[in-house]
Amino acid sequence: MSNLLNLGIPKGSLENATVDLFRKSGWQISISSRSYFPGVDDDELNCKLIRPQEMGKYVERGTIDAGIAGRDWVRENDSDVVEVCEMVYSKVSRRPARWVLVVTKDSTVQKPEDLHGATISTELVGFTKRYFAERNIPVNVEFSWGATEAKVVDGLCDAIVEVTETGSTIKANGLRIVCDLMESVPVLIANKAAWADPWKRQKIETIATLLKASLAAEGMVGLKMNAPNDKVEAITKILPSLNRPTVAHLYNSDWVSIESILHEKEVRRIVPELLALGAQGIIEYSLNKVL
């Protein structure tokens, strides 16, 4: 069919979180351990499982029209693509991943310039080379096949560039962060030709809108209640909301219905206050999307 969007789903650490995000956004993606071609309940989508490290180059070539990958791997490959939007989510937290310059605790290195002529080990070779070249700092950057932290501990290199969220593992291994080089979050990227196609662009933008709406709804709930008309001002004054609470008069009554969206953690604080002001029939409900 002509109206078909080829979409890359990141295989690996982001895989389950991405499928779950799409589910909340309205798409059911089914992945079999024996296939790289996930099923999806949308005839306008064709999904492929692709490693985030390779997503950028496939999107740039047009092998796929759009895909999700960490910004770090898009920048590592220096991919010439359209970044549609960023989405802060991961398999364990909502923190962005940080690529950091790391040395041993007793190293004399205090800033990148101190590594003049040094050997740096990392998975992020292309980005690291460009980072130091842009600052006119000559270094030797080597690709690490894993266990990167051990290499600097064992003296196999002078420093490493490693990814972390909290830095706790780095500290636990007796290492020290010199500085952050890049912050990375998952991004939805699009092929430039696909982005120029009106139908594909609209489809990609729809996906972006609903994915972001699902992320915006996380931790948010709806709160609905009835209250006497003369308590509306007092209740709406203390009731958090995205904009302003909705107030509707109940039929043939001097009571009103009040509805608002707020952070779930605020509910336990505000409910006793609402009850004290005369609110009744308080209902809390979950949200899938906030647009």
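Visitor: By class, which residues make up the lining of the largest pocket?

Guide: This is a predicted model, in which local features need pLDDT of at least 70 and side-chain atom pairs count only at pLDDT 80 or more, while totals for chains, interfaces and linings use all residues. Residues are numbered from 1 along each chain as its sequence is written, and side-chain values use heavy atoms, with hydrogens and water left out. A pocket here is an open set of points on a 1 Å grid over the protein atoms alone, where a 1.4 Å probe fits, with protein on both sides within 12 Å along at least five of seven lines, and lining residues have an atom within 4 Å of a point. With Ala, Val, Leu, Ile, Met, Phe, Trp, Tyr, Cys and Pro counted as nonpolar, Asp, Glu, Lys and Arg as charged, and the others, Gly among them, as polar, the lining has twelve nonpolar, eleven polar and eight charged residues.

Visitor: Which element gives the most to the lining of the largest pocket?

Guide: The lining comprises 31 residues, and S13, D72, A97, V163 and E165 lie nearest the centre of the pocket. Among the elements that each supply at least two lining residues are α3 (71-76), β7 (97-104) and α6 (168-172), where helices (H or I, at least four residues) and strands (E, at least two) are DSSP runs numbered from the N terminus. The largest contribution, three residues, comes from α6.

Visitor: R71 forms a salt bridge with which residue?

Guide: A salt bridge requires a side-chain nitrogen of Lys or Arg within 4 Å of a carboxyl oxygen of Asp or Glu, and for R71 the closest N and O atoms of the pair are 2.5 Å apart. The pair links distant parts of the chain, joining helix α3 to strand β6 across twelve residues. R71 is buried at 17% relative accessible area, buried meaning under 20%, exposed over 50% and partly exposed in between (1.4 Å probe, protein chains only). Its partner, partly exposed at 41%, is E83.

Visitor: How many residues apart in helix α1 are K24 and D20?

Guide: The side chains of K24 and D20 meet in a salt bridge at 3.5 Å, N to O, and both residues belong to a salt-bridge network that also includes R23 and E218. K24 counts as partly exposed at 25% relative accessibility, as does D20 at 29%. Within α1 (residues 15-25) they are separated by about one helical turn, because their spacing is four residues.
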